[in-house]
Amino acid sequence: MITLRARLAQALDYVWGGWGAAASLLLLVALWEAGHAAYGTLVLPSPRETFAALWRMTLDGRVWPAVVETSRNALVGFLGGVVVGGALGALAGLSDMMRRLLAPIATLMLGIPAIAWVVLSLLWFGGSGLAVVFTVLVTSAPIVFASAAEGVRSLDGALRRMARAFRVPRRVLVWDVYLPHMLSYLFPAVATALALSWKIAVMTELLSGAGGIGDGLATARVQVDTVKAMAWILVVVALLLAIEYLLLEPLRRRLLTWRRELPGAEARDMPGI
Amino acid sequence: MTPAPDSTAATSSPGLVVEAVSHAFGPEPVLTEVSFALPAGKVGCLIGPSGCGKSTLLAMIGGLSRPDQGRIVHAFVRPAFAFQDPCLLPWRDARQNIAFGLKALPMGRTERDARAERLLGIVGLSEDDGDKFPHELSGGMRQRVALARALAIDPDLVLLDEPFSALDVGLRRQMQALVQRLIDARGLTTVLVTHDLAEAVRMADRIVVLSPRPARVAALHDIAVPHAARDDGFVHAEVGRLLADPATARALAVEPEASR
């Protein structure tokens with residue numbers, strides 16, 4: 001049984017591991033500073049100016065609402081994409097005919113550049129948040145589709161038979177057998193789609209002027225304000241890092257401890273009885 | 001679900017009766033008129049060449065499927081299975097795997113955990129093993145977990161589908177002895193599917209020899225010697241004696257004189 005103490009140690013380990021990441025990020029900031037020294041503020045504002053601008057924008061109350069708006073649009077679109085892609089993928093996994101019908105469409109959708117969807121959604125929905133949601137949805141759904149199909153297809157018949165032999169209720173079957181299996185297949189795709197959804201959302205906002213971080217970037221561009229543009233980019237990057245390291249990575253570790261791929265798992269394998 | 005009958009109830013029940021069971025998968029017959037009986041508290045062995053329908057019959061005895069014709073009568077309410085592949089959930093550790101079957105019973109989490117913990121010890125696994133995931137366990141340990149999972153639900157009928165055949169010889173003997181001890185201690189009615197006559201002779205009170213597909217009962221053998229008294233010499237001699245029976249030898253595709 002995993003004790004509280006062991007969990008705490010794990011969490012500390014994880015945070016401590018952040019030093020490496022911090023070092024590499026600081027190296028990047030140093031390069032950024034060097035670039036600023038070489039080319040001047042108009043091309044590349046210094047990190048200090050940028051952070052100062054970001055701080056001013058935050059105090060003006062412009063950053064937080066933009067973050068909320070972009071995140072809301074991205075999340076709604078992403079969840080829609082997971083539901084649509086997951087459901088169609090599950091159908092394709094269950095029936096060979098559906099797979100033959102849907103798989104080429106998914107491949108085709110995957111091939112359409114995101115920017116094309118942005119243009120279409122602007123034509124269809126105008127400069128509203130709906131355009132953002134739609135673009136994110138159609139770009140993330142095909143990513144989830146393929147792995148959902150594979151997950152359902154590979155559901156182990158033997159495990160299902162075992163669960164039936166023990167006469168476990170449907171709830172247990174879904175929770176202990178189907179869901180963990182599906183998660184292990186879906187998780188990588190869902191993680192990719194989640195990270196992508198923020199980038200797509202910002203791009204759509206930039207072109208549609210629908211508000212959010214993208215709108216801020218568009219304004220900075222019009223004003224030829226490189227400092228502000230850099231500050232907005234920082235906001236996006238900070239959001240992506242937060243999603244990756246505060247949400248996805250811990251989830252990844254938690255969900256996939258049972259997988260062989262985890263470092264250290266091999267070493268604990270024991271021969272004999 | 002009705003409460004588990006205790007072992008005395010199981011011994012007084014009439015046991016298991018398979019009556020003229022026939023079954024087909026599509027146009028292909030698998031079982032033809034298979035009949036045998038097994039008194040409660042005894043170990044029965046279904047033996048036959050691979051693909052002869054032993055597992056199908058076992059699934060029917062466990063209530064997982066119904067025969068096309070004939071019937072299977074028994075008063076057992078809680079059958080437990082162990083398969084050749086341990087069929088453990090890869091995303092649950094050994095302890096949770098043992099507790100899996102208990103989720104079908106009206107039982108709180110604390111009691112479930114306590115039972116899983118107890119079974120872990122009974123099948124000879126350590127506390128640490130309980131934390132391990134299936135891929136971290138050896139083949140023999142995985143089979144122990146599967147066995148513990150079957151026994152955890154306090155079954156009155158144990159159905160074993162070649163649970164030892166994927167193990168190497170030494171391990172197989174160890175597991176046979178363990179299973180024997182556990183079912184003897186509980187007086188459990190057990191049906192074991194195997195294609196290994198020595199295993200059948202070692203463990204069974206009654207051996208049902210099935211012919212190749214479509215299976216019919218080729219021979220029935222009872223072994224009265226108590227399990228504990230069956231040493232290697234006895235097993236060897238008994239296998240020879242059984243194979244001297246032409247019907248048995250034919251069913252198992254061994255020439256009568258070629259005793260193993």
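Helices (H or I, at least four residues) and strands (E, at least two) are DSSP runs, numbered from the N terminus. By that rule chain A has 11 helices and zero strands, so its elements run α-α-α-α-α-α-α-α-α-α-α from the N terminus on. The C-alpha trace of chain A spans about 70 × 50 × 30 Å along its principal axes.

This is a predicted model, in which local features need pLDDT of at least 70 and side-chain atom pairs count only at pLDDT 80 or more, while totals for chains, interfaces and linings use all residues. Residues are numbered from 1 along each chain as its sequence is written, chains are lettered from A and ligands numbered from 1 in the order in which they are written, and side-chain values use heavy atoms, with hydrogens and water left out.

Chain A carries a nonpolar surface patch of about 600 Å², made by A:Val119, A:Leu120, A:Leu123, A:Trp124, A:Phe125 and A:Leu130. Patches are made of residues with over 30% relative accessible area and no salt bridge; like charges are joined within 9 Å, and nonpolar side chains (Val, Leu, Ile, Met, Phe, Trp, Tyr) within 5 Å. The accessible areas come from the Shrake-Rupley method with a 1.4 Å probe, and for residues only the protein chains shown count as cover. Helix α6 of chain A, residues 114-125, gives the most to this patch, with five residues. A:Phe125 lies in that helix. Elsewhere in chain A, the loop between α8 (157-165) and α9 (170-208) holds A:Arg167, which has a positive phi of about 55° although it is not a glycine.

The contact between the chains (heavy atoms within 4.5 Å) takes 28 residues from chain A and 32 residues from chain B. The buried area, meaning the accessible area (1.4 Å probe) that two parts lose on being put together, summed over both, is about 2900 Å², and carbon and sulfur atoms give 64% of it. On the chain B side, B:Trp91, B:Phe100 and B:His135 lose the most area to chain A, together 25% of what that side buries.

Two salt bridges are found across this interface, a salt bridge being a side-chain nitrogen of Lys or Arg within 4 Å of a carboxyl oxygen of Asp or Glu. One of them joins the side chains of A:Asp176 and B:Arg92 (3.2 Å, N to O). In chain B, β5 (79-82), α6 (139-152) and α7 (169-186) each supply at least two residues of the side that touches chain A. Of the elements, α6(B) gives the most to that side, with four residues.

Over all chains, the whole structure has 20 salt bridges. In one of these, the side chains of B:Arg95 and B:Glu117 meet at 2.7 Å, N to O. B:Arg95 lies in helix α3 (residues 94-99) of chain B and B:Glu117 in helix α4 (residues 109-122) of chain B, so the pair ties together parts that are 22 residues apart in sequence.

Chain B also contains a cis peptide bond, which joins B:Arg213 and B:Pro214, with omega of about -5°. B:Pro214 is found in the loop between β8 (206-210) and β9 (217-222) of chain B.
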